[in-house]
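Reader: I am new to this structure. Please take me through the labels one at a time, and tell me what each rests on.

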Amino acid sequence: MPTNVTHSRILGTGHFVPSRVVTNDDLSQWMETTNEWIMERTGIEERRFAVPGVDTTSSMGTEAAKRAMEAAGIEAADVDLILFATLSPDYYFPGPGVQLQQNLGCRTIGAIDIRNQCSGFVYALSIADQYIRNGAAKYALVVGAELHSAGLDLSTRGRNVSVIFGDGAGAVVLGPTQESGRGILSTHLHSQGEHATELALLGPSTREWVPQILERNDPDDVSYFPYMNGNFVFKHAVVRFAEVIEEALQANGYQASDLKLMIPHQANLRISQYIQNKMGLRDDQVFNNIMRYGNTTAASIPIALSEAYAQGRIEPGDLLLFAAFGSGFTWASALMRW
Ligand code: COA
């Protein structure tokens, strides 16, 4: 175990998206929508959908994790802890953390499944950070992966939700650093269960299991599709994003102008732009890729991070901020010196 650990640091990033590109025009073949409507309200041009029979949440997470491990220069045997964030696991249980452990050939280490939707990756990062800082783990694998496409209502009935979401996975390897001032500086987690059903998938659940849903035989039953009160979510998102970004900056004595890059959860381009304006950030200080991938929930920040890094947008010493908001409601941020 490391000694004199001061902080945890991201040592490598990786991402994987399915090969199947679904454009707005493709969606308009299945439901009454248009490229113009989707672009104007969300900024999304296309997203990836899993290839049936090929991609699963755990397989995409595994590929992203392999790429992050390669970038970090570590082997599966080096990993001490797995954190897997998703709202769309392969199975109701067990969660995909154990599948990742098996797929990668890790030791029989702990595998924690995180259930915090769009904030899941930042929640997972926060936990991994604690393990590394206190010396209980040296290397942690933090993964966010989602397979939304199989569970969306792709008819006109579900269009206000279905046009937003896409599939994919991102991962980071977190490890210790003794370099003063480098690594994760602080993380900030929040929740407000009062609004749990404003963005949710309610069934099947232990409240109403599959036989009861089938017995109802109701063609208008949408309980097994995601529900979103879009306007309500939007209004809360812009407030909470701003709050939690400010909280991270203030906790460390920084201002928005000090940021090299902010990577917001890719909820909706309009939300990102609203936050950017509110915080007075320049275009080069905010990374967005929702145009190409849609909202990939827990995967969106690590996919964006992996792309930003590959594009040379992040260098040692840069001040970086992650911020997320979503179902729960939950919201969270993490500030780090790269
Ligand atoms: N294509 C075309 N028309 C659509 C549509 C679609 N995909 N989805 C909804 N509409 C229609 C509605 O039926 C409605 O029509 P009506 O006025 O005849 O009733 C109209 O467009 C406006 O619908 P509304 O739901 O009020 O749209 P909106 O302006 O609120 O935009 C969202 C919808 C989802 C884009 C917006 O609410 C949003 O981005 N919310 C936040 C979502 C989010 O970020 N979620 C993830 C959080 S992690």
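Author: P94 lies in the loop between β4 and α4. Helices (H or I, at least four residues) and strands (E, at least two) are DSSP runs, numbered from the N terminus. This is a predicted model, where local features need pLDDT of at least 70 and side-chain atom pairs count only at pLDDT 80 or more, while totals for chains, interfaces and linings use all residues. Residues are numbered from 1 along each chain as its sequence is written, and side-chain values use heavy atoms, with hydrogens and water left out.

Reader: What kind of peptide bond joins F93 and P94?

Author: A cis bond, with omega at about -5°. Another cis bond joins G328 and F329, with omega about -15°. F329 is in the loop between β12 and β13 (330-337). Most peptide bonds are trans.

Reader: Why is the pair of Y92 and W209 called edge-to-face?

Author: Rings of Phe, Tyr and Trp (its six-membered ring) pair if their centres lie within 6.5 Å; planes under 30 degrees apart are stacked, over 60 edge-to-face, and the rest tilted. The centres of Y92 and W209 are 5.2 Å apart and the planes stand at 75°, so the pair is edge-to-face. The two residues are 117 residues apart in the chain: Y92 is in the loop between β4 (81-85) and α4 (97-104), W209 in the loop between β9 (199-200) and α7 (210-216).

Reader: What makes the pair of Y224 and F225 tilted?

Author: The planes of Y224 and F225 are at 45°, with 5.1 Å from centre to centre. Y224 is partly exposed at 35%. F225 is buried at 17%.

Reader: How many aromatic pairs are there?

Author: The structure has eight. F232, F241, F325, F329 and W331 form one aromatic cluster.

Reader: What makes S162 buried?

Author: Its relative accessibility is 1%, so S162 counts as buried. S162 belongs to helix α6. Its side chain reaches the backbone oxygen of D153 at 2.6 Å. A polar contact is a pair of N or O atoms within 3.5 Å; within protein, one must be able to donate a hydrogen and the other to accept it, and residues adjacent in sequence count only if both atoms are side-chain atoms.

Reader: Which side chains have a polar atom by the ligand, and at what distance?

Author: Among them is T33, with an N or O atom 2.6 Å from a ligand nitrogen. For R159, the distance to a ligand oxygen is 3.0 Å. For N231, it is 3.3 Å, again to a ligand oxygen.

Reader: Which element gives the largest share of the shell around the ligand?

Author: Helix α8 does, with four residues.

Technical notes:
Buried means under 20% relative accessible area, exposed over 50%, partly exposed in between (1.4 Å probe, protein chains only).
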